[in-house]
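Let's take a friendly look at one helix and the rings around it. The sequence and the structure come next.

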Amino acid sequence: MIFETIEEFKDAMPPFCALVGLDLGTKTVGVAVSDGLRQVATPLETIKRKKFTLDAARILEIVADRQIGGIILGLPRNMDGSEGARCQSTRAFARNLTKLTGIPISYWDERLSTVAAERALLEADTSRKRRSEVIDHVAAGYILQGVLDRMRHL
(Lines give C-alpha, C1' and ligand atoms only; values in the text may rest on other atoms or scores of the structure.)
Protein backbone atom coordinates (compact mmCIF):
# COMPACT_ATOMS: atom_id res chain seq x y z
CA MET A 1 0.00 0.00 0.00
CA ILE A 2 1.27 3.47 -0.89
CA PHE A 3 0.88 6.33 1.59
CA GLU A 4 1.19 9.93 0.42
CA THR A 5 2.04 11.31 3.86
CA ILE A 6 4.58 10.22 6.44
CA GLU A 7 1.85 10.52 9.11
CA GLU A 8 -0.28 7.85 7.38
CA PHE A 9 2.82 5.76 6.71
CA LYS A 10 3.85 5.86 10.37
CA ASP A 11 0.37 4.79 11.49
CA ALA A 12 0.57 1.76 9.18
CA MET A 13 3.96 0.65 10.54
CA PRO A 14 4.34 -2.21 12.99
CA PRO A 15 6.41 -1.23 16.06
CA PHE A 16 10.15 -1.95 16.19
CA CYS A 17 10.76 -2.60 12.52
CA ALA A 18 13.48 -1.21 10.31
CA LEU A 19 12.85 0.86 7.20
CA VAL A 20 14.64 0.96 3.87
CA GLY A 21 15.21 4.19 1.96
CA LEU A 22 15.71 4.22 -1.80
CA ASP A 23 17.23 6.90 -4.01
CA LEU A 24 16.05 5.93 -7.50
CA GLY A 25 18.28 7.15 -10.27
CA THR A 26 18.17 6.29 -13.95
CA LYS A 27 21.28 4.07 -13.68
CA THR A 28 21.41 3.16 -9.99
CA VAL A 29 19.32 2.72 -6.86
CA GLY A 30 20.91 3.93 -3.63
CA VAL A 31 19.83 1.86 -0.63
CA ALA A 32 19.95 2.79 3.06
CA VAL A 33 18.47 0.97 6.06
CA SER A 34 17.48 1.99 9.57
CA ASP A 35 17.83 0.21 12.86
CA GLY A 36 14.75 -1.45 14.39
CA LEU A 37 14.14 1.51 16.71
CA ARG A 38 14.08 3.78 13.64
CA GLN A 39 16.67 6.19 15.00
CA VAL A 40 19.58 6.04 12.56
CA ALA A 41 19.80 5.59 8.78
CA THR A 42 22.84 3.76 7.46
CA PRO A 43 23.86 3.76 3.78
CA LEU A 44 23.96 0.14 2.61
CA GLU A 45 24.65 -0.32 -1.10
CA THR A 46 24.10 0.92 -4.62
CA ILE A 47 22.23 -1.34 -7.02
CA LYS A 48 23.14 -0.99 -10.70
CA ARG A 49 19.77 -0.78 -12.47
CA LYS A 50 18.99 -3.41 -15.04
CA LYS A 51 15.26 -3.92 -15.38
CA PHE A 52 12.45 -3.56 -12.88
CA THR A 53 12.11 -7.26 -12.04
CA LEU A 54 15.81 -7.61 -11.21
CA ASP A 55 15.97 -4.31 -9.32
CA ALA A 56 12.84 -5.19 -7.32
CA ALA A 57 14.16 -8.69 -6.59
CA ARG A 58 17.31 -7.24 -4.97
CA ILE A 59 15.28 -4.70 -2.98
CA LEU A 60 12.90 -7.41 -1.73
CA GLU A 61 15.88 -9.60 -0.84
CA ILE A 62 17.17 -6.77 1.38
CA VAL A 63 13.66 -6.33 2.83
CA ALA A 64 13.49 -10.03 3.74
CA ASP A 65 17.07 -10.31 5.06
CA ARG A 66 16.74 -7.26 7.31
CA GLN A 67 13.09 -7.73 8.32
CA ILE A 68 12.13 -4.36 6.87
CA GLY A 69 8.68 -3.05 7.73
CA GLY A 70 8.42 -0.12 5.32
CA ILE A 71 9.92 1.37 2.17
CA ILE A 72 10.66 5.06 1.57
CA LEU A 73 11.28 6.30 -1.97
CA GLY A 74 12.98 9.62 -2.53
CA LEU A 75 10.64 11.77 -4.62
CA PRO A 76 12.71 13.99 -6.94
CA ARG A 77 10.53 17.09 -7.08
CA ASN A 78 11.64 20.13 -9.05
CA MET A 79 13.04 23.02 -7.02
CA ASP A 80 9.68 24.83 -7.30
CA GLY A 81 7.93 21.80 -5.76
CA SER A 82 6.31 20.60 -8.97
CA GLU A 83 6.56 17.02 -10.17
CA GLY A 84 8.15 16.15 -13.48
CA ALA A 85 9.00 12.99 -15.39
CA ARG A 86 11.37 11.66 -12.70
CA CYS A 87 8.59 11.86 -10.09
CA GLN A 88 6.23 10.01 -12.44
CA SER A 89 8.88 7.32 -12.89
CA THR A 90 9.33 7.01 -9.10
CA ARG A 91 5.57 6.74 -8.56
CA ALA A 92 5.36 4.06 -11.28
CA PHE A 93 8.18 2.13 -9.57
CA ALA A 94 6.24 2.29 -6.29
CA ARG A 95 3.02 1.08 -7.95
CA ASN A 96 4.87 -1.84 -9.53
CA LEU A 97 6.55 -2.66 -6.21
CA THR A 98 3.17 -2.83 -4.41
CA LYS A 99 2.24 -5.69 -6.75
CA LEU A 100 5.17 -7.68 -5.30
CA THR A 101 4.94 -6.84 -1.60
CA GLY A 102 2.38 -5.78 0.98
CA ILE A 103 4.92 -3.63 2.84
CA PRO A 104 3.85 0.01 3.29
CA ILE A 105 5.53 2.44 0.88
CA SER A 106 5.77 6.21 1.12
CA TYR A 107 7.70 9.11 -0.40
CA TRP A 108 10.07 11.75 0.91
CA ASP A 109 10.96 14.96 -0.89
CA GLU A 110 14.57 14.37 -1.83
CA ARG A 111 15.45 17.83 -3.11
CA LEU A 112 19.09 18.55 -2.32
CA SER A 113 19.77 15.12 -0.73
CA THR A 114 22.46 14.39 -3.31
CA VAL A 115 23.95 17.85 -2.74
CA ALA A 116 24.08 17.20 1.02
CA ALA A 117 25.61 13.75 0.46
CA GLU A 118 28.24 15.21 -1.89
CA ARG A 119 29.09 17.93 0.63
CA ALA A 120 29.50 15.36 3.44
CA LEU A 121 31.74 13.19 1.28
CA LEU A 122 33.86 16.19 0.30
CA GLU A 123 34.20 17.20 3.96
CA ALA A 124 35.34 13.63 4.70
CA ASP A 125 38.01 14.09 2.02
CA THR A 126 36.61 11.20 -0.03
CA SER A 127 38.31 10.68 -3.40
CA ARG A 128 36.38 11.46 -6.57
CA LYS A 129 36.34 7.76 -7.54
CA ARG A 130 35.05 6.69 -4.12
CA ARG A 131 32.43 9.48 -4.10
CA SER A 132 31.02 8.22 -7.39
CA GLU A 133 30.79 4.71 -5.91
CA VAL A 134 28.95 5.71 -2.73
CA ILE A 135 27.04 8.93 -3.52
CA ASP A 136 23.73 7.18 -4.29
CA HIS A 137 23.49 5.16 -1.10
CA VAL A 138 24.75 8.08 0.98
CA ALA A 139 21.94 10.16 -0.57
CA ALA A 140 19.49 7.34 0.29
CA GLY A 141 20.76 7.66 3.87
CA TYR A 142 19.91 11.38 3.88
CA ILE A 143 16.43 10.63 2.52
CA LEU A 144 15.77 7.93 5.11
CA GLN A 145 17.19 9.98 8.00
CA GLY A 146 14.81 12.80 7.06
CA VAL A 147 11.88 10.42 7.39
CA LEU A 148 13.13 8.98 10.69
CA ASP A 149 13.54 12.48 12.13
CA ARG A 150 10.05 13.47 10.95
CA MET A 151 8.46 10.31 12.36
CA ARG A 152 10.01 10.98 15.78
CA HIS A 153 8.19 14.33 15.91
CA LEU A 154 4.73 13.04 15.02
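The expected span is 1.5 Å times one less than the number of residues, and helices are DSSP runs (H or I, at least four residues) while strands are E runs of at least two, numbered from the N terminus.

This is a predicted model, in which local features need pLDDT of at least 70, side-chain atom pairs count only at pLDDT 80 or more, and totals for chains, interfaces and linings use all residues. Residues are numbered from 1 along each chain as its sequence is written, and side-chain values use heavy atoms, leaving out hydrogens and water.

Asp55, Ala56, Ile59, Ile62 and Val63 of α2 are buried (under 20% relative accessible area; exposed is over 50%, partly exposed in between; 1.4 Å probe, protein chains only). Seen down the axis of α2, these buried residues fall within an arc of 120 degrees, so they line one face of the helix; the arc is taken from the directions from the axis to the C-beta atoms. They pack against β2, β3, β4, β5 and α3 (contact: heavy atoms within 4.5 Å). On the other side, Ala64 and Asp65 are exposed.

There is one aromatic pair (ring centres of Phe, Tyr or six-membered Trp rings within 6.5 Å; planes under 30 degrees apart are stacked, over 60 edge-to-face, the rest tilted). Phenylalanine 52 and phenylalanine 93 make this edge-to-face pair, 5.1 Å centre to centre with 75 degrees between the planes. The partners lie 41 residues apart, in α2 and α3.

| Residue | Relative accessibility | Class |
|---|---|---|
| Phenylalanine 52 | 25% | partly exposed |
| Phenylalanine 93 | 4% | buried |
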